[in-house]
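This report is written for a reader meeting the structure for the first time.

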Number of protein chains: 2
Amino acid sequence: MNVVSAQMAKSIAGGSMIRRMFEAGNELRKKFGEDAVCDFSLGNPDLAPPVEVSEEFRVLAVKSREPGSLGYMSNGGFAWALDKLAAWLSEQQMVNLTRREVMLSCGAAGALNSFFHTVLEPGDEVLAIAPYFVEYGFYASNHGGVLKTVPCRKDDFGPDIEAVAAAITPKTRALIVNSPNNPSGAVYSAEDMQRLAETLEAGGRRHGRPIYLVSDEPYRFLVYDGCEVPPVLPLSPYAVVVSSFSKNYGLAGERVGYIAVSPRLEERETLMAGLVLSNRTLGYVNPPVVGQYLMAAALGSSTDEALAVYKKRRDMLAEILTEAGYEFQLPKGTFYFFPKAPGGDDQAFVERLKEQLVLAVPGTGFGGPGHFRLSFAVPDAVIARSREGFARAMRG
Amino acid sequence: MNVVSAQMAKSIAGGSMIRRMFEAGNELRKKFGEDAVCDFSLGNPDLAPPVEVSEEFRVLAVKSREPGSLGYMSNGGFAWALDKLAAWLSEQQMVNLTRREVMLSCGAAGALNSFFHTVLEPGDEVLAIAPYFVEYGFYASNHGGVLKTVPCRKDDFGPDIEAVAAAITPKTRALIVNSPNNPSGAVYSAEDMQRLAETLEAGGRRHGRPIYLVSDEPYRFLVYDGCEVPPVLPLSPYAVVVSSFSKNYGLAGERVGYIAVSPRLEERETLMAGLVLSNRTLGYVNPPVVGQYLMAAALGSSTDEALAVYKKRRDMLAEILTEAGYEFQLPKGTFYFFPKAPGGDDQAFVERLKEQLVLAVPGTGFGGPGHFRLSFAVPDAVIARSREGFARAMRG
């Protein structure tokens, strides 16, 4: 009896490779001990949330005695939380934002689903530059859209502007950009972002329908060596920023994210009404109430310490990979390396790493075959003891 | 320029009546003062969460100092939270549930969206018994389905079994039942539920595809006069229970809900895999981490006090409505009355109530024209001072 839909049965079957890998990792840990395995497969920040979060829990212990304190609020979040977020984003994005241009949602994933639910017509295309975060495919297809990938520049994982221009059709509704990039660690320059915005505007004019530039940027704070992530909202009326507090404040599990639209968009009231309606009907209903209090408490607290920790780890891992002879680009942002797989077959090479008790993710899972992803959101000790494994896997 | 999709533009326009009502209420409050308006329009529980929730916040103040304490976990929730929930549900539903039959989500709304996303083929029909919670229409159409309403029994808002049987087609995939019912306050009997389950099983056999019996029951604990809500999971392998901790523990804003499937369903591993995948890709990713801690702390704490408060309010409001000459059925559960609109036109009568500074929702909004909904999730004082308004609106 078909207890799930035909499409869902396919998706379940497709997902089982990743599950098998995850299970294989667990088996290795059981067999050889937790401390023998070097797991670079997960992008889960391993630092504690800022101390303001802990303090806010004490405030909530008192507040939660009040009637209705943890009840519903407006579907887009508390007005005071939106005000605070809008002020913070205005500075970061170099435009004047009010709560009328900002919505809180269930993480960045909720914000992206709400956005695609709001703007996509059946069959609309969403462009993504490969390698990319695979969940984008689901976020588009959940709402009748189709994800279409465009290759990145060969030399530096940056956007290939000509390839984006060539990919635009009358059905193109949005380009989703992820800079700093998971999995490549690339950060797009201001000039590249400007040219992307112009390319989309030109395409939109040609086909008589706006093409949104969606910037998904949860790693904005995580850049090294003085690199900067340029603001996106000034670039176009159709620029949209999506992010969360998962990586900078370690709140991934509490599901607080947001979307901000350009104040230059004339019809932004309509777009925001659609986003808020989608927040409600897609079942988020409202951003988690506790998460909003925690976000507001943490907002603006320094991420310098986290940055220093990740920079140290990046440099440690870079040294190990270099010593072993891997070919890679030093990440400018995020906590990921995306080295070339020796031999070219990323799935085979990830298996070889696994034999050395080193866990990585094949680039194929990100639309980037021939590479593998390493997350350095792991304790320093894990990086230190991975030296031998990386070297042996390289020797084959 | 079309900044939202055609369908979304329609939905935004359709929603504006409710928004206008909400804004009208705010205007009345501004004009006549907060204390002059009797607002019976919102189903937002107004009691404080149990004291265990407050205590858990103090625990979290310490726990949140640990690395990764508020990070991601499995898409279906923490194993320990699922174990605790499964044990609690086993007792309530009179079947033996483990964590393999239970998933936590972003409220009951998230669980319902995940369910429909998992099981609906394009064009599939979901039956609902009118009057019903209007969001069901979105939850079905979000995932390619169509909501089809079936009228209730004329005398008592119970399910009309023959009407359900007649509505079944080869495209019928589920019946969604809400007992205790929002907006009618009806509670379906064990016999009615049994007959519904049999009717769906017969229909499923006839068309060679299971028809799920989905029981959405956030008001299960809120029943009066010794009335009981029968367990649903023993009734059929295709029975599914969805609920949340919004009403019983006042956690509506924190978005913790769940879905439990029947242990009699042979292919439940496939169904659960689809649900967990949907939780991930629809953007909930995982149930909010703090909400899971709060839920586990509150689980099993008594709701007797809340019940006593709501029962008193129900009886107060019943007396006022009776005295003024309204025709209504005393709610057996929930915190809603659904009286007949004098004159038959519910929208016109709700306007008349508004002139008396009494806010209600027209039954038309629930597929129940000719009635209006009153929520008694309001302080006793609001009920007490509504007496004159109800009487005057009745006199016309």
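Rings of Phe, Tyr and Trp are taken as a pair if their centres lie within 6.5 Å. In this predicted model, ring pairs of this kind link Phe40(A), Tyr326(A), Phe349(A), Phe372(A) and Phe390(A) into a cluster.

## Aromatic pairs

Over all chains, the structure holds 48 aromatic pairs. A pair of aromatic rings is described by the distance of the centres and the angle of the planes. Two pairs are set out below.

| Pair | Distance of centres | Angle of planes | Class |
|---|---|---|---|
| Tyr284(A) and Tyr284(B) | 5.4 Å | 70° | edge-to-face |
| Phe115(B) and Tyr212(B) | 5.0 Å | 85° | edge-to-face |

Tyr284(A) lies in the loop between helix 8 (268–281) and helix 9 (289–298) of chain A, and Tyr284(B) lies in the loop between helix 8 and helix 9 of chain B, so this pair joins two chains. Both Tyr284(A) and Tyr284(B) are buried.

The pair of Phe115(B) and Tyr212(B) is found within chain B: Phe115(B) belongs to helix 4 and Tyr212(B) to strand 6 (residues 212–216), so the pair ties together parts that are 97 residues apart in sequence. Phe115(B) and Tyr212(B) are both buried.

## The contact between chain A and chain B

The size of an interface is often given as the accessible area lost when the parts come together. Between chain B and chain A, the buried area is about 6,300 Å², and carbon and sulfur atoms give 58% of it. Chain B contributes 83 residues to the contact, and chain A contributes 83 residues.

There are two salt bridges between chain B and chain A. Arg280(A) forms a salt bridge with Glu135(B), in which the closest N and O atoms are 2.8 Å apart.

On the side of chain B that touches chain A, the elements giving two or more residues are helix 1 (6–32), helix 2 (51–63), helix 4 (107–119), helix 5 (135–141), helix 8 (268–281) and helix 9 (289–298) of chain B. By class, that side of chain B has 44 nonpolar, 26 polar and 13 charged residues.

## Helix 9 of chain A

How many of the 10 residues of helix 9 of chain A are buried? Nine of them are, so helix 9 of chain A is largely enclosed by the rest of the structure. Among these buried residues are Val289(A), Tyr293(A), Leu294(A) and Met295(A). Within chain A, the buried residues of helix 9 pack against helix 2 (51–63), helix 3 (79–93), strand 2 (102–106) and strand 8; from chain B, they pack against helix 2 and helix 9. Gly300(A) follows helix 9 of chain A and has a positive phi, near 90°.

Ile259(A) is placed in strand 8 (residues 256–261) of chain A. Its relative accessibility is 0%, so Ile259(A) counts as buried. Leaving aside neighbours within four places in sequence, the residues in contact with Ile259(A) include Met103(A), Phe115(A), Val241(A) and Leu275(A). Ile259(A) and Ala108(A) are 151 residues apart in sequence, while their C-alpha atoms are 7.6 Å apart in space.

Arg209(B) is found in the loop between helix 7 (190–207) and strand 6 of chain B. Arg209(B) has a relative accessible area of 12% and is buried. The side chain of Arg209(B) makes a polar contact of 2.9 Å with the side chain of Asp124(B).

Conventions: Residues numbered from 1 in each chain as written. Chains lettered and ligands numbered in written order. Predicted model: local features only at pLDDT ≥ 70, side-chain atom pairs only at ≥ 80, totals over all residues. Heavy atoms only, no water. Contact = heavy atoms within 4.5 Å. Buried area = accessible area lost by both parts, 1.4 Å probe. Salt bridge = Lys/Arg side-chain N within 4 Å of Asp/Glu carboxyl O. Helix = DSSP H or I, 4+ residues; strand = E, 2+ residues; numbered from the N terminus. Nonpolar A, V, L, I, M, F, W, Y, C, P; charged D, E, K, R; others polar. Phe/Tyr/Trp six-rings, centres within 6.5 Å; stacked < 30°, edge-to-face > 60°. Buried < 20%, exposed > 50% of the residue type's maximum accessible area, 1.4 Å probe, protein only. Polar contact = N/O pair within 3.5 Å; in protein donor to acceptor, adjacent residues only side chain to side chain.
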